[in-house]
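Try each task yourself before you read its solution.

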Amino acid sequence: MKRIRIIHNTEYHYNEPVTLGPHRAMVRPREGHDLHIISSRLEIEPAAEVRWVRDIYGNSIAIINFLEPASKLRFYSEVEVDLYDDYGLSCSIDPIGQSYPFQYSADEQVELFPFRLPSYPADGAVIHEWLSTLYQPGQLLNTADLLTTLNTRIYESFQYMHREEPGVQLPCETIRLGTGSCRDYAVLMMEAARHWGLAARFVTGYVQMGAEQHGSTHAWTEIYLPGAGWRGFDPTNNKLAGAEHVSVGVSREQDKASPLAGYWSGPSNAFNHMEVNVQVFDVNELPAVPVSQEPVSSTESRSST
């Protein structure tokens with residue numbers, strides 16, 4: 001077990017006061033047997049009313065209604081969590097799923113059906129060709145090895161690129177361009193797994209960095225395996241999701257797992273810029289000076305979105 005502190009500060013700056021519509025924030029980690037929240041704090045500027053709901057995936061969502069116009073919008077979240085190690089991938093998969101291809105049980109197929117449907121069916125031919133060197137019909141391969149190889153293939157085949165633009169690239173664009181952000185990598189792996197008939201979903205959250213490193217939110221993929229349940233794969237860092245990954249939200253498609261979503265109204269040129277700063281570190285490795293709660297310059301790393 002280890003204790004992680006997550007500091008997440010997002011600011012939107014406008015050239016003049018604007019009217020802020022309702023916003024949805026997804027910053028509270030998903031609690032479970034592998035993660036316990038010890039403390040949490042959420043600060044919002046300007047003044048706002050906040051209520052918490054659970055969405056259809058069980059994610060904890062803050063619904064925010066602002067009480068006054070503002071030229072600056074700030075969300076500051078600080079959470080401490082305890083993370084617990086989980087069993088390794090290979091030893092936890094039921095015998096029925098240890099070799100690919102396999103069939104989910106009848107009762108699981110009903111629940112998993114939406115997560116097996118591709119989000120980008122038009123990209124199927126391109127994905128099929130790209131996957132052809134990893135698996136050919138008629139082969140019988142170890143499931144854990146196949147998925148680990150896919151994870152590594154994405155990591156090694158593409159050049160990581162930090163992107164500020166909202167949304168993700170189509171899987172065919174990522175393959176064609178040979179570059180992508182962690183969101184693009186996660187979507188490509190999700191669609192590749194679905195192409196093989198596996199249930200997969202998008203994950204947004206945080207990944208541990210050094211105590212003095214700054215970054216952004218992170219994204220990876222979870223694939224459902226019999227006996228092992230939902231297991232995370234992080235192709236951006238060529239790792240299985242584990243004790244350094246903190247899941248905040250899961251969804252069938254990435255646009256439903258945005259850390260922050262909302263709208264504002266005002267002059268078309270009112271928006272100036274946005275700043276995002278995230279720190280995720282082991283509390284036993286605290287920096288020598290207190291961590292500032294004000295935004296600082298972001299240092300991009302391969303673990304950042």
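**Exercise 1: A sheet and its neighbours**

Val203 sits across from Trp220, a residue of strand S11. Keep in mind that you're looking at a predicted model.

*Task.* Work out the order of the strands in the open sheet of 5 strands, and find which strands stand at its edges.

*Solution.* 
- Step 1: Start with a pair. Strand S10 (residues 200-207) and strand S11 (residues 218-225) are antiparallel partners, joined over 6 bridges.
- Step 2: Now write out the whole order, which is S13-S12-S11-S10-S14, with antiparallel pairing.
- Step 3: Look at the two ends. S13 (239-240) and S14 (245-251) each have a single partner strand, so one side of each has no neighbour in the sheet.
- Step 4: H6 (residues 182-195) lies across S10, S11 and S12 (229-234), and runs at about 15° to S11.

**Exercise 2: A cavity**

*Task.* Find out how many cavities of 30 Å³ or more the structure holds, and which residues line the largest cavity.

*Solution.* 
- Step 1: Count first. There is 1 cavity of 30 Å³ or more, and the largest cavity has a volume of about 50 Å³.
- Step 2: List the lining: His8, Thr10, Ala25, Val27, Phe75, Ser77, Pro259 and Leu260.
- Step 3: Sort these residues by class. You get 5 nonpolar, 3 polar and no charged residues.
- Step 4: Ask where they come from. Strands S1 (2-25) and S5 (70-83) each supply at least two of the lining residues, and S1 gives the largest share, with 3 residues.

**Exercise 3: Ser77, buried or exposed?**

*Task.* Decide whether Ser77 is buried or exposed, and say which residues it touches beyond its neighbours within four places in sequence.

*Solution.* 
- Step 1: Ser77 belongs to strand S5 and is one of the residues lining the largest cavity.
- Step 2: Check its relative accessible area, which is 5%. Buried means under 20%, so Ser77 counts as buried.
- Step 3: Setting aside neighbours within four places in sequence, Ser77 is in contact with Ile6, Ile7, His8, Val27, Arg41 and Leu42.

**Exercise 4: A residue in a loop**

*Task.* Find where Ile93 is located, and decide whether Ile93 is buried or exposed.

*Solution.* 
- Step 1: Ile93 is in the loop between helix H1 (89-92) and strand S6 (99-100).
- Step 2: The relative accessible area of Ile93 is 4%, so this residue is buried.
- Step 3: Beyond neighbours within four places in sequence, Ile93 is in contact with Gln98, Ala144, Leu225, Pro226 and Ala228.

Terms used
Residues are numbered from 1 along each chain as its sequence is written. This is a predicted model: local features need pLDDT of at least 70, side-chain atom pairs count only at pLDDT 80 or more; totals for chains, interfaces and linings use all residues. Side-chain values use heavy atoms; hydrogens and water are left out. Two strands pair if DSSP finds at least two bridges between them. Helices (H or I, at least four residues) and strands (E, at least two) are DSSP runs, numbered from the N terminus. Contact means heavy atoms within 4.5 Å. Axes are lines fitted to C-alpha atoms, for helices over the stretch in contact, and angles run from 0 to 180 degrees between N-to-C directions. On a 1 Å grid over the protein atoms alone, a cavity is a set of points where a 1.4 Å probe fits but cannot get out, and a pocket is an open set with protein on both sides within 12 Å along at least five of seven lines; lining residues have an atom within 4 Å of a point. Grid points are joined across faces, edges and corners, and a volume is the space filled by probe spheres set on the points. Ala, Val, Leu, Ile, Met, Phe, Trp, Tyr, Cys and Pro count as nonpolar, Asp, Glu, Lys and Arg as charged, and the others, Gly among them, as polar. Buried means under 20% relative accessible area, exposed over 50%, partly exposed in between (1.4 Å probe, protein chains only).
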